[in-house]
Amino acid sequence: MSQTTPFTGGLYVITYGCQMNEYDSDKMASLLAKTHGLKLVAEPEEADVVLMNTCSVREKAQEKVFSELGRWEKWKKLKPNRVIGVGGCVASQEGREIRRRAPSVDVIFGPQTLHRLPAMIDETLRVRGDASIKKKKAVIDISFPEIEKFDHLPEPEVNGVSAMVSVMEGCSKYCTFCVVPYTRGEEVSRPYEDVLREVRILAEQGVREVNLLGQNVNAYRGVMEDGEIADLAVLMHAVRAIDGIGRIRFTTSHPNEMTQSLINCYAEIPELVSHLHLPIQSGSDKVLAMMKRNHMVLEYKSTIRKVRALRPNLSLSGDFIIGFPGETCDDFKETMALVEELKYDRSFSFIYSERPGTPAAGFPDEEPLEKKKRRLFAIQELLTKQTADISDAMLGTVQRVLVERLSRKSFDQVAGRTENNRVVNFTGSPELIGQFVDVEITEALSNSLQGDLVATPEADSHIAPQAYAL
């Protein structure tokens, strides 16, 4: 517990961006609960410490940060002792600009220095209490101490059946449109045993599903105790052997890192879900070359064919950048053709957003915004239809569902997720939470499925459901 001051309020954290940021935000909350006794609160007005974990992948997300900080500045005038912190990728990229545009911010930290947050808060409080310091400045640490943060974060604590586990940080691909290598650093993998230890702790707490995270998670290369290097395939084989773990996901992947050993996992590891998020960004080889993706459409499609040969029911999702500088109407048609051929599910598509400091920021771009918007509408309409078609095709099928919680739809129902990440609501007992059950899908709604429980294969097994807060 910090000796600097006893906070009387709580901690409020707002998170933008990817699952890596969600993971980091959970770690911030656990860390400050341990060091400063701060408990999470629902509203920023209730908090002594308010933190924003930011994303700089798109311009709108970045501007949202400054808009939110404008509101927080008003709250700080009402409560001057409040500590405001900004972390994540925008902080890493724009730390000094944040200090200039938002002088109410006290602490600015990057994705790799969140473990130093308690000390930075203490330094802020020390400076505030020092009358000899006339001009108070934000405490900034946006350095890249590689994987150091994982050695200083508290033991994982969860109250649920699914958990994210970060296995690597950063990206070394340097796509021309992407700011991640500059905000999170290059690829660094956590040691193999460190990851397994975290998964074991989670499994002991009742976690049944883990989602292995990384900017390019399939580039994982973790050092083992004997000095050998484990890739993601080796890691997943070890994770599946941990007692209690019944489902494995991994996010997000790069096409160039889909090795044969990783593809083989779809035949060798039944716990690995029949779902793959594999962004391609464009269906045009010309655009892919300008993006410096270092692969062609044919190679990408070959990878998908190999995986689907092992898992014919594979659910595929991806990311698509529309209106990249130099993209023509013909290039966009090639992207639409790819989407039509591969049948994507729940994918993401965005109009290209120029990121300062990236090579693509200097590319000539003559296409009008209205034309890009029309293209975006067309691809999103197709992707939405494909998602609905997949949901409709699940009607009458029996799905393996991990029961996660009570349903929000009805007091006598529970809710869980299928392998392709659909929420299913069905009548069932709260004792089913934490178990894998078989559910027949009876109705496909826009954002969820409805079903009937048909079997509880774990009810009499050695796996006892954990007690969860309801």
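Helices (H or I, at least four residues) and strands (E, at least two) are DSSP runs, numbered from the N terminus. Six residues lie between strand 17 and strand 18, and the two strands form a hairpin.

Residues are numbered from 1 along each chain as its sequence is written, and side-chain values use heavy atoms, with hydrogens and water left out. Because the model is predicted, local features need pLDDT of at least 70 and side-chain atom pairs count only at pLDDT 80 or more, whereas totals for chains, interfaces and linings use all residues.

Strand 18 (residues 413–417) is mostly covered, with four of its five residues buried. Buried denotes under 20% relative accessible area, exposed over 50%, and partly exposed in between (1.4 Å probe, protein chains only). Strand 18 also pairs with strand 19 (residues 423–427), in the antiparallel sense and over five bridges.

A444 has L449 as its bridge partner in strand 21.

A second sheet is open: five strands take the order 1-2-3-4-5, and the pairing is parallel. Strand 1 (10–15) and strand 5 are the edge strands, each pairing on one side only. From one strand to the next, the twist averages 15 degrees. Strand 4 and strand 5 pair in the parallel sense over three bridges, and I108 stands opposite I140 in strand 5.

Helices lie across this sheet. Helix 1 lies across strand 1, strand 2 and strand 4, and runs at about 155 degrees to strand 2. Helix 3 (residues 89–101) lies across strand 2, strand 3, strand 4 and strand 5, and runs at about 135 degrees to strand 3. For these angles, axes are lines fitted to C-alpha atoms, for helices over the stretch in contact, and angles run from 0 to 180 degrees between N-to-C directions.

## Helix 4

Helix 4 (residues 117–128) has twelve residues and reaches 17 Å from its first C-alpha to its last, close to the 16 Å expected at 1.5 Å a residue. The expected span of a helix is 1.5 Å times one less than its number of residues.

The buried residues of helix 4 are L117, P118, M120, I121, T124, L125 and V127. They pack against helix 1 (19–36), strand 2 (47–54), strand 3 (83–88), strand 4 (107–109) and strand 5 (139–141), contact meaning heavy atoms within 4.5 Å.

## Helix 8 against helix 10

The axes of helix 8 (residues 260–268) and helix 10 (residues 297–310) come within 8 Å and cross at roughly 25 degrees. Helix 8 is therefore roughly parallel to helix 10; angles under 35 degrees count as roughly parallel, over 145 as roughly antiparallel, 65 to 115 as roughly perpendicular and the rest as oblique. The crossing of helix 8 and helix 10 is right-handed, a term for a near helix turned clockwise from the far one by less than a right angle, left-handed being the anticlockwise case. Across this crossing, Q260, I263, N264, Y266 and A267 in helix 8 meet T303, K306, V307 and L310 in helix 10.

## Backbone exceptions in loops

The peptide bond from T251 to T252 is cis, with omega near -10 degrees. T252 lies in the loop between strand 12 (247–251) and helix 8.

Y174 is not a glycine, yet has a positive phi of about 55 degrees. Y174 is placed in the loop between strand 7 (168–169) and helix 5 (180–183), and is partly exposed with a relative accessible area of 25%. R346, also a residue other than glycine, has a positive phi near 50 degrees. R346 lies in the loop between helix 11 (329–342) and strand 16 (348–351), and is partly exposed with a relative accessible area of 33%.

Terms used:
Two strands pair if DSSP finds at least two bridges between them.
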